[in-house]
Amino acid sequence: MSAAAGGEGETVRASHVLIKHQGSRRKASWKDPDGRIISATTRADAAARLLDLRNQILSGQANFADLAARHSDCSSARRGGDLGTFGRKQMQKPFEDATYALKVGELSEIVDTDSGVHIILRTA
């Protein structure tokens with residue numbers, strides 16, 4: 001089975017940008033240790049910021065890793081958003097499903113999880 005088909009034993013590699021908001025399960029990040037900004041951010045505001053970043057990447061105005069390093073609320077920001085390789089059942093289901101649905105090199109639409117809103121770049 002090909003990796004694109006997302007078989008049980010297949011692994012993928014992805015990078016992401018996470019923007020947390022007031023609905024996120026953990027309202028703190030390396031950028032906002034006290035969670036003040038996150039607690040004041042609506043899901044709509046977080047999604048709008050993420051959409052702007054996505055448009056910058058798609059238009060070639062910005063590099064995914066650079067934006068992830070500056071804007072992502074995930075600690076993977078220091079690696080340009082790289083989450084490394086993972087398999088099924090290692091990530092939250094919506095994130096996993098979105099990643100496996102992407103082709104290598106493809107950028108996702110906005111994906112909602114309990115952590116916040118993400119854009120995902122499948123890298124392998």
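The lining of the largest pocket in this predicted model divides into 7 nonpolar, 7 polar and 4 charged residues. The space in this pocket amounts to about 310 Å³. Among the 18 lining residues, Leu18, Arg25, Cys74, Gln92 and Ser115 are the closest to the pocket centre.

Ser76 is situated in the loop that runs between α3 (64–71) and β2 (82–87). With a relative accessibility of 0%, Ser76 is classed as buried. A polar contact of 3.4 Å links the side chain of Ser76 to that of His16. Beyond the neighbours within four places in sequence, the contacts of Ser76 are His16, Gly81, Asp82 and Leu83.

In the whole structure, 8 salt bridges were found. One of them joins the side chains of Arg43 and Asp112, with an N to O distance of 2.6 Å. Because Arg43 belongs to helix α2 (residues 43–58) and Asp112 to strand β3 (residues 111–113), this pair ties together parts 69 residues apart in sequence. Arg43 is partly exposed, at 36% relative accessible area, and Asp112 is likewise partly exposed, at 36%.

Asp97 takes part in salt bridges with Arg88, at 4.0 Å between the closest N and O atoms, and with Lys93, at 2.9 Å. Lys93 and Asp97 are 4 residues apart in helix α4 (residues 93–101), and therefore about one helical turn separates them.

Methods: Residues numbered from 1 in each chain as written. Predicted model: local features only at pLDDT ≥ 70, side-chain atom pairs only at ≥ 80, totals over all residues. Heavy atoms only, no water. 1 Å grid on protein atoms, 1.4 Å probe; cavity = no way out; pocket = protein on both sides within 12 Å on 5 of 7 lines; lining within 4 Å. Points joined across faces, edges and corners; volume = space filled by probe spheres on them. Nonpolar A, V, L, I, M, F, W, Y, C, P; charged D, E, K, R; others polar. Helix = DSSP H or I, 4+ residues; strand = E, 2+ residues; numbered from the N terminus. Buried < 20%, exposed > 50% of the residue type's maximum accessible area, 1.4 Å probe, protein only. Polar contact = N/O pair within 3.5 Å; in protein donor to acceptor, adjacent residues only side chain to side chain. Contact = heavy atoms within 4.5 Å.
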